[in-house]
Structures are given as C-alpha cells and as structure tokens.
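I opened the model to look up a few things and kept notes as I went. The entries follow in the order of looking.

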Amino acid sequence: MRVPRLPWRTAEIVAVRNETAHARSLALRVEGWPGHAAGQHVDVRLTAADGYQAQRSYSISSAPAAAELELLVDYVPDGEVSPYLTHEARVGDRFELRGPIGGYFIWTAAYGGPLLLVAGGSGIAPLASILAYRAAAAPGIATHLLYSARTAEDIIFKERLEAWKEDPALAVSVTLTRNVAADWSGYRGRIDAAMLHEVAFAASKSPLAYVCGPTAMVEHVADALVSIGYPAGRVRTERFGPTGEST
Amino acid sequence: MAADEKSPVSRGFVGRRRSPAQAERVPPGQYVTLDFPILSAGPTPHTPLEQWSFALQQGTQRLAEWSWPQFQALKQTPVTVDIHCVTKWSKLDTRWVGVTFDTLLEAAGLNTPPTSYVMAYSDGGYTTNLPVADLVNGQALIVTKFDGTPLAPGHGGPARLLVPHLYFWKSAKWVRGLTFITEDKPGFWESLGYHMYGDPWKEQRYAGD
C-alpha cells in the first residue's frame, strides 16, 4: 500500500486567546488543510532564523468543520517550544504543521455512545474537539464530561463549559484538586473509582470512554474505570508525559 | 537539522541548540528528555506472574513457550541503549536486562528463523510488526528489568519487547509472544497511519514517510 507523505504545511496565527495563566489557544489558517477527525493532533515545527528547527505535538481543540484550526498549548516550564507559543507568538506569525495524526483516540458519530469523556488539565483539548463535533453531528448521543483541574483559575475553556451545561444530553462535572473555595459547587479532589461510580454511565450501558490528561491521572482513571466494570477495549487513553520536555 | 528551503522562519524563535555530541545521538525532530514518559492507547494490563508466559508461534503452532521462572532461567543480557519515541522524545543511556531474540531462538531449537517477519502480541490486544532481520544479532530483547529494578506495569512490565533502533512503539509493552508470519502486515499503530518500519534516523513516523 503506497500512501502519500503527510506534507508540512504553513500555518498562520489568526487569533490567540489566553485560556488560563499558562494555557493558550491558537487559531490558525493552514494552507490546504485536509480536515481532521475529532480527537486528533498535529506535529508543529518551528524554524529559527538560522534554520534550526524543533518539533512538538499539540492537540486540536476545534471541530472538524470549523473554519480555523485551533490548537491548545500548555506552557511547560523549561520547555523549548511551548514557551514560544504561549508567550512570544502573536497574530500574523507563521510556523509549520503536519497532520492530522492519530487514528485511535478519535470519535465519530458511527461509534455511538453513551460517551464518557474524562479530562485532566490541558487534556480537555481533544475532548473539546469531540464535543464540538458531537454538537453538530450527533447531538442526541448521551454524553458525560468529567473534568479535573487543579484550581478554579486553571479551568480551561470556561465559556465552553458553561455552554455545554445547556445541552440536555450532555452532563458536565468539574472537580478541583487544590485550594477549593468553600462555595465551590462541583466535585473536590482527584478523580477516583467512587467519583466515577457516581458520575459515569454504568458499565451495563456499554459506554465508550475517552481519557486524556497527565500520565498519573490517566493511569488512575483508566484503572478505576476497569475496576467498575468497563472493558479495557472500551477505554481509549491519551497520556501526556510527566513533563515531556527537559534538557 | 537544516531547514527545508520553504520553511518559514518563526519570528522570535531561538530554540535550544544541542551539543555536537548529543546531536550525533539524537535523530531528526527529536528532543532529549530525562523523564520516562508513558504513552499507550488504553488501560494498563496487570498480569500476575503465575499467569504470565511467553511464546513463539507460527500459525496456530506453538513453537516454544516459557513460564515466568523458565524465562528467568534463560540467559539474561544487560544492555544500555538510546530510545526514541515517535511523539518526539528521546532518552539516552537507558539500562535494561532481558533475553535476546537470539537466545529465544536457540532455546526453542530453531537454527534459523522460520519466516522473515513477526507480529508481536501483547496483553490488552496490542500488536506490532517487525522484520526478523531487525531482531537477530543482539538487536532485540524481551526485557524484564529497567534501571536495575523489575519493569513497572506502566512501562510495559512484567515484560516488553525492546528494539531500540526503531521508534519505540515497535518495542511492544506487556508482550506475550511473537508470531512468525510469511508476509509483513500492519499491527495496531501501523493500521492507524503510522509507518510500517519506523526508522527514527529516516524520520519514518507516519505512512508515506
């Protein structure tokens, strides 16, 4: 089977939006972008004036049908690429990207539901793409989003979360793991089997689960889902390294 | 790595240059990490050692099979190698202990490998395809120790394949056996857009690279 090589394409930043103190959305215009499936990611390549290049992967947070491709970039202290994208890059700047990449952590309407989406931190990005796609393509599919953030200030996509709460077929739960205010009405603490037992669809309903976030959180949640009866084959995961960037 | 002629300069990007010594060891598009990131497509399987075995197969025929104690009694070989993940991280000087593919063939009484390709298979249903030519002569091991301690489940324990000269998805976690196949065919990631062979020095990340 001969497949054409995925080409590097030039992306131009058309909008930036700071989601939290360290996470930023980049809206991009990409020449010849072939489209993507909800949940996929891209490789980004930056080029310095002397030709030096560096590559990293970032999740797509926009719907497949959206006019602009949107990436979420979380600042990694001591990183090489994310500090540039979160602090230096501005509208009109250009870099290259290649994709879409990843054929397993995706959801299409044909997969059906019910759908359980569990995110930790910036792991919300591919799940936001899935939710945007679902709202347009299959709004009736019963879905539950469980989102874990460190503090209220670390919640990414606050406006989208409010909009999602209006969807009668979509239940949204947020848990905070640190500095939780007394009047916080959501969940408190890390996601565990007890919390999942309360908020997740029962295994008997054959739900399909997508879990994305930092490694330890994903390990924990995937194990907990298996412990409450989800077959391993119905739990798709995407893990971010401990930090992923150093040296 | 030099820029393609067409690569636009990303205004204000400086980046972090590698030392020449490091540059020689790190394939194009990779960066060095001191962490050991974990990436896998589903929950981590936890197979008790009493239920664990490792097999060589051809079709439905079992050529050889070892229980955990039998596997531990095979010649154990330590290696120190650099590993390269398709998600861009490389980790230098990783230390492993395991059984080489050559030792397995010998213990199974196979003078020559029966076919030119294998499909590695794992707990959890993961598979990956490899040419036999990339496994022989000490190039591949089934490892059970990392950095002097038993391999943790998150990193593929109790045993994973280690083929360090190919992208790390070829080093199947939770490996339970190798099936000899006559013709190369795609495994799990190879069916989902990743490259059939995966040479990091040629940047064979995705189908078509």
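Where is the place of B:Val32? I found B:Val32 in strand 1 (residues 31-32) of chain B; strands (E, at least two residues) and helices (H or I, at least four) are DSSP runs, numbered from the N terminus.

Note on the source: this is a predicted model, in which local features need pLDDT of at least 70, side-chain atom pairs count only at pLDDT 80 or more, and totals for chains, interfaces and linings use all residues. Residues are numbered from 1 along each chain as its sequence is written, and chains are lettered from A and ligands numbered from 1 in the order in which they are written.

B:Val32 counts as partly exposed because it has 17 C-beta neighbours inside 10 Å; a residue is buried with 20 or more other C-beta atoms within 10 Å of its own, exposed with 12 or fewer, and partly exposed in between, with C-beta atoms placed from the backbone. Between B:Val32 and B:Leu92 I noted 7.4 Å in space, C-alpha to C-alpha, and 60 residues in sequence.

Next I looked at chain A. I counted five helices and 12 strands in its secondary structure. Of the 247 residues in chain A, 49% are buried. The C-alpha trace of chain A spans about 55 × 45 × 35 Å along its principal axes.

I followed the sheet next. Six strands of chain A form an open sheet in the order 4-3-6-1-2-5, with antiparallel pairing; two strands pair if DSSP finds at least two bridges between them. Strand 4 and strand 5 (69-74) are the edge strands, each pairing on one side only. Strand 2 (residues 23-30) of chain A pairs with strand 5 over six bridges, in the antiparallel sense. I found A:Ser25 opposite A:Leu72 of strand 5.

On domains, an automatic or database assignment divides chain A into domain 1 (9-101) and domain 2 (109-240). I found 15 residues of domain 1 in contact with 13 of domain 2, where contact means C-beta atoms, placed from the backbone, within 7 Å.

Last, the chain interface. I noted 44 residues of chain A in contact with 40 residues of chain B. Among the elements of chain A that give two or more residues to this side are strand 3 (41-47), helix 1 (82-88) and helix 5 (215-227).

Conventions. Two residues are in contact if their C-beta atoms, placed from the backbone, lie within 7 Å.
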